[in-house]
There are 2 protein chains.
Amino acid sequence: VKTTVGILGAGQLGCMLASALHDLDAEVRFYDPDPRAPGMRRFAGGRVASFSDEGALSEHLRACDVVTVEMEHVDTAALRKIGARLVPSVDVIETAGSRRKEKAFLRARQLPHVAFATAHDVAELRAAVAEVGAPCIVKTSLGGYDGRGQWRIEVESAAATVIGAIGHALGERFSLTVEERVDLAQELSCIVARDGTSEVVFPLFENVHEAGVLDLTMLPARVDPRVAEAARDIALETARALDVKGLLAVEFFVLERPPARSPSHSVAGVHLCINELAPRPHNSGHVTRVATDVSQFDMLARVLLGVPLATPRLVDPGGWCMANLLGERFGADGALATTALGAAADGLCELVLYGKPTAVNGRKMGHLSTRGADVENARASARRLRDALTVTR
Amino acid sequence: VKTTVGILGAGQLGCMLASALHDLDAEVRFYDPDPRAPGMRRFAGGRVASFSDEGALSEHLRACDVVTVEMEHVDTAALRKIGARLVPSVDVIETAGSRRKEKAFLRARQLPHVAFATAHDVAELRAAVAEVGAPCIVKTSLGGYDGRGQWRIEVESAAATVIGAIGHALGERFSLTVEERVDLAQELSCIVARDGTSEVVFPLFENVHEAGVLDLTMLPARVDPRVAEAARDIALETARALDVKGLLAVEFFVLERPPARSPSHSVAGVHLCINELAPRPHNSGHVTRVATDVSQFDMLARVLLGVPLATPRLVDPGGWCMANLLGERFGADGALATTALGAAADGLCELVLYGKPTAVNGRKMGHLSTRGADVENARASARRLRDALTVTR
């Protein structure tokens, strides 16, 4: 008898997970409010309904042996009421889905993180900015992603103006965190998988963001081996502390100077802070589809289906690079300049278009991955290929 | 506006093609008589109806911009009547779908092939066996695959008995080919892709069959470079002669001694004969999903969508091996011994289960691919891993 897996959210992460589940002979049932979501259009047996529609949700989940989510910004109230057997758990989704809860968790567990204070009205915000000090970044606690819902305060003297603007934009009550602005030398991420019996850690990724959105992921990360080991240890410790079942992606900042207020982990002359957690497949992990013997999607599929995990290993020496394809690279009709694919592309490993209905600037529409003799070669190929695919408008 | 591609047949080849089409942002519509076929269960928008139901077929094809087939053993009469814009063409499907037409084509074009004669009743069969001589193999012209519908005549004196048995099994009228039995040193296959503008040839594969079913594919093939070049040239020449649009897989026998009657191509001390043609993705080409920058499925998707082809290249030096997973390796409940996946598998690149409803002996239920420092290493890993996954009944 096949296992039926429910996936809440039918975007690109859900679609890539569905393929991995199918490769292990499972049935997949999507649930998403948008009938045009890629997973709803492509796969059979999906249900279109709101995440807060307890009746529809309950009916859909009853037909599934296990249920997972492709994003942590989901209304957990309905799920908690239904008592669905979710992987990850509702508690994990709630912690990682709220910047405030996530940071409180890191502080409580004494895990390295960026110093912060929280605020729910303008008076608290003033106090929080004073506590953290400038330069700092004000972020929405819920629903912010890809750099949205953020305000920067560069110097003390600008604080009053920015706070006024935020109050004007958000009204009397809100939920914000104020974070110390740290000088990044590098960004890393690490994915851990746990199934209740065993736990495995993926190789460390190096990330480059542009305007708050992931632009490139390189594997292996160009760091001292001691830094890689420390980051992977911290990621595993974090996943254990949260008691994650499924995946946990941990994003790190690498600082060359110790931060003023943030409790960081110092190793090999640099300082590590956790930036964010995501209890699901992560954009930076797409590179594992081509670079490791078991991808992040395969690994989550194994957790969901009760297939034993195995330590993911690089399929061979060399370097890989994943480049995101954002909406602005696509033509008005939502198409890429695929004529460029006619030239042999040095090191191309995969090109994946997500099938989103419209190309909006900043929207993740697809990705490509390349392999090279080393990470620099792979990155050069990825950029060259991506530029060649970009529509000139 | 997205391109909609119809796929006639919803088995594993159709499913892997669907994923490649989705990766290029196309819509996919399956058509298959079996509602339990993997592509019907997994993907949205499929239609369950008979291949000879002209009304349903016509309705389904009207909604598609382009249509392809996942097997050549299809009733082409209905397709021809409807005049569907098929890739490959109905003519190509008919030639490759009939052993008699295929061999007549090879003979007419003076392409190297195994000597044969055809027969439609017992008298013709006696004459054909006398013409080809023993040892020979009698094969059904239509519908035979994976070694089914074959009879061997080892020595002249056994001919009468075997011919009697065939007449008893098939009745008065039938369509058979009698082929010279050649001593194989090796089996090769080569996939060509053509889109009307350009044509590309995949690296040569080396195949091992067990009981008439493909067991292993190795890449690169262990042959003299002159043999590889000759085989790829012959494959391209064959695709041009057939005027294939889409894919053509050409299977070769490699003989150490020149055959008695078959017109072979001699190169570097060996003799090449074409065994079979398939105008679609081929089981031996599954290895391209992990070994080449553009897979056979990606390449066919490009042809169907009008995306330019690119010469497929190995993603890095080394060797690959694809191992088929047949029904007899699965438990009574249709499951594999996936607990074996808990051990780190040296060189695993992918494991794909096709999701067929029941595990029958000899049925292709899935495959796995491995990478190694060379082909021998990859093959050893593939066999080890496959044995570990096999259920002991």
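Modeller: A residue counts as buried when its relative accessible area is under 20%, and as exposed when that area is over 50%. By that cut-off, 60% of the 393 residues of chain A are buried. Keep in mind that this is a predicted model.

The part I pick is helix α5 of chain A, residues 90-97. Most of α5 is covered: 6 of its 8 residues are buried. These are Val90(A), Val92(A), Ile93(A), Thr95(A), Ala96(A) and Gly97(A). An α-helix has 3.6 residues a turn, so residues three or four places apart point the same way.

What do the buried residues of α5(A) pack against? Their partners in chain A include three helices: α4 (76-82), α6 (99-108) and α9 (225-242). The strands β4 (66-69) and β15 (270-278) also pack against these buried residues.

Now the setting. Chain A holds 12 helices and 18 strands. Its C-alpha atoms fill a box of roughly 60 × 50 × 45 Å along the principal axes. The radius of gyration is 21 Å, which agrees with the value near 21 Å for a compact globule of 393 residues. Take the contacts in chain A with a separation of 6 or more: 64% of them join residues 24 or more positions apart.

The surface comes next. Chain A exposes about 14900 Å², and carbon and sulfur atoms supply 48% of that area. There are 44 positive and 49 negative side chains. The centres of these two sets lie 2 Å apart.

Start with Gln296(A), in helix α11 (residues 296-305). Is Gln296(A) buried or exposed? Gln296(A) is buried, because its relative accessible area is 0%. Its side chain reaches the backbone nitrogen of His282(A) at 2.8 Å. Beyond its neighbours within four places in sequence, Gln296(A) is in contact with several residues, among them Ile191(A), Phe202(A), Leu247(A) and Pro281(A). Gly285(A), His286(A) and Thr288(A) are also in contact with Gln296(A).

Ala211(A) sits in the loop between β11 (205-210) and β12 (213-219). Ala211(A) counts as exposed because its relative accessibility is 78%. Along the chain, Ala211(A) and Gly362(A) are 151 residues apart, yet their C-alpha atoms are separated by 9.0 Å.

Back to the part you asked for: α5(A) is mostly covered, and its buried residues pack against helices and strands of chain A.

Notes
Residues numbered from 1 in each chain as written. Chains lettered and ligands numbered in written order. Predicted model: local features only at pLDDT ≥ 70, side-chain atom pairs only at ≥ 80, totals over all residues. Heavy atoms only, no water. Helix = DSSP H or I, 4+ residues; strand = E, 2+ residues; numbered from the N terminus. Rg over C-alpha atoms; globule rule 2.2 N^0.38 Å. Buried < 20%, exposed > 50% of the residue type's maximum accessible area, 1.4 Å probe, protein only. Contact = heavy atoms within 4.5 Å. Areas by Shrake-Rupley, 256 points an atom, 1.4 Å probe, with all protein chains shown as cover. Lys, Arg positive; Asp, Glu negative; His and termini not counted. Charge placed at Lys NZ, Arg CZ, Asp CG, Glu CD. Polar contact = N/O pair within 3.5 Å; in protein donor to acceptor, adjacent residues only side chain to side chain.
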